[in-house]
Amino acid sequence: MAEFRKHQILLIHELMYQIKVREAMTTPVVSFSPAATFREIQLCLKEQRFTGTPITESGQLVGIVSIDDIISAFDQGRIDQPVGASMVRKVVTVPQNYSIISASNLLEKFRFGRLPVVEAPESRAVVGMITRSDILSHLLMAVNSIAEGLEKEERAAGATARRPHETLRFELLPDNYDLAGVASTEVKTHLQNCGLSSALVRRIAVICYEAEMNVIIHSLGGYMEVQLLDDRVRILVADAGPGIPDVEKAMQPGYTTANEKIRALGFGAGMGLSNMKRCADRFSVRSSMESGTEVDAEVMIGEQAAVVPGALAGGEGGRMP
Amino acid sequence: MTLKQVVELTGLCPVHLANGEVEVAAVYCGDLLSDVLAHIRPSSLWLTIQGHQHVVAVAQLRDVAGIVLVNGVAPDPQTVTKAKSQGVNVFGSDETSADLCMKLAGRL
């Protein structure tokens, strides 16, 4: 927490040095000549909701009049007299190219509500006015735009290279046809939200669906894990058996052990494993009659992805085995 | 052609219409799910005799524009439920896949 607060304070402090007075000041300057009366100025300040105004002669600063001065003039019966005679002539100013920290320090030091901003040090040409609230609102805006920028960056980073390493895991129950496809659908939605291209997502979806259905139809149950890595998506599917007696044979398109009921639903066409292999950049099946079957597939999603157009029907970014 | 235009042209009967404005770019006829997974192109209209719920997942995974249950096949109740929850367009037709394809030939 202390560390967090330190960062916050450092940021504000840094901004106080970075932001120039000219960025935060109010323009255009409303000014009066020394011939204006306190009453005229009072009416203007009231209307504009200012608390003070510079007095200029041919653009050069010659004095300043604040609400306090107007109250004193009213008290002393000078309200209809020109300000030139009694205004404060020694005016503290701040050059426009100074940081707002300088303006803030001056406001604090002299307990002023506002400072005329001059063109350059030693100059008497007024280019704006700055108050505490100008400084504060500009700081808030700066912090806000930094926060928005960070958010944007994070979103962009999430959609491209620096994806968080994530693993989605699904338990798959045998013969549970009602939930068949739910895991694959969830994977698809998740990868789409991560910003992967539709063609890549469809390839991964086919691998997941075929694997998911295999576990549900043929096995005693298992799980599917989808790992989202920097440059690839890895799909690991394992079941508890009974195992594939001849993996090589099972890989042949058209070879099936599915029963009549399953085939009537359009499953068990003997294309599952070859479909998966075709959609994957790396694919392996290991099976033992003791421990069950493990499918390990990878689809490259980064710059290293071997993109061969037309690997899948419809010209998807894919690879032919 | 949009899905809505395809429906008008071929007289499909909506089972669940989620979005009629999607573009239909091709047609695919298939009843073996793995075959469809392998060969159907995105934005296709899929003509099939499989009325069970698994067609919805396959269509969703392959970005299919819509499923048409041909030959008067009725959808299972779960098919309708899943189509609604996943926003997949499903239609029915009394015609055969071949007849529907001929109506659409050269029109997409």
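Does Arg169(A) count as buried or exposed, and how many C-beta neighbours lie inside 10 Å of this residue? In this predicted model, Arg169(A) has 11 such neighbours and therefore counts as exposed, since the cut-off for an exposed residue is 12 or fewer. The residue is found in strand E6 of chain A, which covers residues 166-172. Once neighbours within four places in sequence are set aside, Arg169(A) is in contact with Tyr223(A) and Glu225(A).

A contrasting picture comes from helix H3 of chain B, residues 54-61. Eight of the eight residues of H3(B) are buried, so this helix is largely enclosed by the rest of the structure. The buried residues are His54(B), Val55(B), Val56(B), Ala57(B), Val58(B), Ala59(B), Gln60(B) and Leu61(B). What do the buried residues of H3(B) pack against? On the chain A side, their partners are helix H7 (182-193) and H8. Within chain B, they pack against H2, strand E3 (44-48), strand E4 (66-69) and helix H4 (77-86). Just after H3(B) comes Asp63(B), with a positive phi of about 55 degrees.

The contact between the two chains can be described next. It draws on 20 residues from chain A and 19 residues from chain B. On the chain B side, helix H2 (33-39) and helix H3 (54-61) each supply at least two residues. H2(B) gives the most to this side, with six residues. By residue type, the side of chain B that touches chain A divides into seven nonpolar, seven polar and five charged residues.

Finally, the nonpolar cores can be considered. The largest nonpolar core has 73 residues, and those with the most contacts inside it come from both chains: Ile204(A), Ile207(A), Cys208(A) and Ile235(A), together with Trp46(B) and Val68(B). Helix H8 of chain A, residues 198-218, gives the most to this core, with twelve residues. For Val68(B), contacts beyond four places in sequence include Trp46(B), as well as Leu12(B), Leu45(B), Leu47(B), Phe91(B), Ser93(B) and Leu100(B).

Definitions and conventions:
Residues numbered from 1 in each chain as written. Chains lettered and ligands numbered in written order. Predicted model: local features only at pLDDT ≥ 70, side-chain atom pairs only at ≥ 80, totals over all residues. Contact = placed C-beta atoms within 7 Å. Helix = DSSP H or I, 4+ residues; strand = E, 2+ residues; numbered from the N terminus. Nonpolar A, V, L, I, M, F, W, Y, C, P; charged D, E, K, R; others polar. Core = buried A, V, L, I, M, F, W, Y, C linked by C-beta atoms within 7 Å. Buried ≥ 20, exposed ≤ 12 C-beta atoms within 10 Å, placed from the backbone.
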